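User: I would like to go through this structure by asking questions. Please keep the answers plain.

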Amino acid sequence: MGIFVDERACNGCGTAEEPMCVRDCPGDLMILKANGKAAIRDNRECWDCAACVKVCPTQAIHMQLPASVVVRGVKLKGRAMKHKTLWKIRLRDGSEKTYETPSTGKAPFIPSL
Amino acid sequence: MIDIESLQCDLLVIGGGAAGCVAAVEAKERDPGLDVVLLEKAHIQRSGCLAAGISALNAYLTEGETPESFLRYVQRDTFGVVRDDLVLSMARELNEQSHRVEAWGLPIARDEHGRAVKRGRASVKIFGERIKPILAKRVEASGVRVLNRMNVTGLATRRGRVVGAYAFHVRTGRFVAVAAKAVLVCTGGAAGLYRPSNPGMAAHRMWYSPYNTGAGLAMGFRAGAELTSFEYRFIPLRIKDAIAPTGEIAQWLEADQINARGEKYLEKYYAHLGGKRMTTQDRLYATLLERRAGRGPCYLDLGGVNPRRLEGTIRSYLSMAPPAAMIMSDEAYYAKHGGEMAPVEITGGEPLVVGGHGLSGYWVDERRRTTLEGLWAAGDVAGGVPKKYASGAWAEAVLAVRDMIAHARSQTAAPELDEEDVLAERDRVFAPLEDSEGLSCTDLEERLQKIMDEYAGGIGVGYGTSEGELKIARLHLERLEQEVSALRADEPHALMLCHEVIERVTVARVLVEHMLHRRETRWHCYQERLDYPERDDARWTVFVNTRRARDGRIEVLERPVVRTPLAVVLPSLTDGVGVVQRGEG
């Protein structure tokens, strides 16, 4: 556990050979349902790696942790851009924190200590 | 009856993770005329244990370090039982291979002098969220034939030589027999042997990839390859619940390990183990002892850490272990709203057979040849070199491929598979799809994990075990192996899950034989024999190896530790953690 697909936002990646999440899941857990929407086979099998979350072109997927790890309300969204990834963590009061991580190319400069 | 598709190539790479991607590219760059096939169970874009990303290269020679000093560091951590030749040959490649992947687009943090930014003595900071897509892009541009969704189930052998491999497609179920002049196995280590840290819905909230299930180890064992040091199980000391790496906080934020009283327990109570410089396994061991002494649980002390650096840590976790970032954000939320921030508690995870951190895996030579002709091994599936991590996997991949190319060139005849062998493997692979009484793979997985946890030193029993318990584990695992013929699957994805359980049962059986054989306690927690609680250097400075005998039994062998004479003088170890020099020469 696990990820959740917002069926209003998911378009099954349109005319693509297969949805991006179906391609990228390292556990082969994502499938395309008959209604043209992506879905996870079984959230118990999910590693919480967020590969599907970041690659989704319509940001239809978010991640939540199981209740035994975090009680409720914390959600993660992300979006892979060319050289960076944008992240949004929704906290339990509904407020959001955003982060940016460098992903390819030149690393941000870090001064020597 | 399932059709058999045949494929031929020069070099076959099994597994498209860190090692496999670099191996495939290296082969095409050295000889563009070679026909290279890569088989991957998922999709190389995000497969293997680096799917979520990484935030450091933990095997890198920082300024002032040498291959020899790296070797000394590894020798110290393993109490001398290590393959010097393998560590040195790997260490010589570490930086070059890291810089090569940097040139492909991996951002390595650098300071104003252009030096890689140190996180630890052999560790540099990177921004590795996109590491797999970066490697995959390079593979795709190199002309390698990539077959994604191919679950490799077995090695094809002919007269004792490895001549290819068998695989099925995890979505369509088509069966492919690949013949190759040289085969590289780099399928990673094995998770899911033991009951995991978290229950039920969170069972896969673990550190190592739950999809790395020891396929390469199991197929090598069945083909008769010699395996080493499974008893050196790697057990990660991790952030509780998230089961995320601690290095980001311990190294980058320089947080101390403290007990429930706020004491720096490594220094205060365990100076005899080396204090803050103790070995990796002793840091876990000391954490467990603190709990037994009534001073647990233990934490990473974030007391003095600047909140802005903490934000940086959340970003790092997003790039490698997103659940940890979510948990830390939630804690920060509580702190902001007047609550108390829960400390970062640390705990041990499930024991793993993983050669990139521990010693376990294929027994290989300096060229990364296994004991089977025609088969090479690299990365987490190869043994003898702990602390190789991602960059060490790249180094091993390159070393293997250089030798494989020479071997492939010397083979003039096209490789051929044994027809009977092909048919037998097809029948074995698809047996769970046949109509049978039906045992679910989840059922069998739970049984396996329960046996291992209770009788072979799992989390539940504090990692220790003894002969009587291990013999019960052996008995139950033998019975479990007979049960695998009852596994049932109704479609190819479920068939993959069945084979993942079968592989783990095989790996677990081998593991138990290794644990039974080493009658000492060399590496606390990793290899903790309650009936032989002391380290015995005179008797046990040896490798424990296994291979499948002709009658199917697991044969145990011992191999000597051979020290490579070093041309440089290294500082002696003065902190009480001895390195055994037996076998010098």
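User: What pLDDT does chain B average?
Analyst: This is a predicted model, and the predictor's confidence in each residue is given as pLDDT. In chain B, 96% of the residues score at least 70. The average pLDDT of chain B is 93.

User: Over which residues of chain B is the pLDDT below 50?
Analyst: Where pLDDT is low, the predicted coordinates should not be read in detail. One stretch of chain B has 29 contacts in the model beyond near neighbours in sequence, yet its pLDDT is below 50. That stretch is residues 573-585.

User: Which element gives the most to the side of chain B that touches chain A?
Analyst: In the model, 47 residues of chain B are in contact with 40 residues of chain A. On the chain B side, the elements giving two or more residues are α10 (307-318) and α11 (322-336). The one that gives the most, with eight residues, is α11(B).

User: Are α15(B) and α16(B) roughly parallel or roughly antiparallel?
Analyst: Helix α15 (residues 467-483) and helix α16 (residues 492-517) of chain B have axes 10 Å apart and pack at an angle of about 155°. Angles over 145 degrees count as roughly antiparallel. Therefore α15(B) and α16(B) are roughly antiparallel.

User: How many residues of the contact of α15(B) with α16(B) are charged?
Analyst: Among the residues making the contact are B:Glu467, B:Arg474 and B:Glu481 of α15(B), and B:Arg509 of α16(B). Nine residues of this contact are nonpolar and none is polar. The number of charged residues is four.

Methods: Residues are numbered from 1 along each chain as its sequence is written. Chains are lettered from A and ligands numbered from 1 in the order in which they are written. This is a predicted model: local features need pLDDT of at least 70, side-chain atom pairs count only at pLDDT 80 or more; totals for chains, interfaces and linings use all residues. Axes are lines fitted to C-alpha atoms, for helices over the stretch in contact, and angles run from 0 to 180 degrees between N-to-C directions. Helices (H or I, at least four residues) and strands (E, at least two) are DSSP runs, numbered from the N terminus. Angles under 35 degrees count as roughly parallel, over 145 as roughly antiparallel, 65 to 115 as roughly perpendicular and the rest as oblique. Two residues are in contact if their C-beta atoms, placed from the backbone, lie within 7 Å. Ala, Val, Leu, Ile, Met, Phe, Trp, Tyr, Cys and Pro count as nonpolar, Asp, Glu, Lys and Arg as charged, and the others, Gly among them, as polar. pLDDT is the predictor's confidence in each residue, from 0 to 100.
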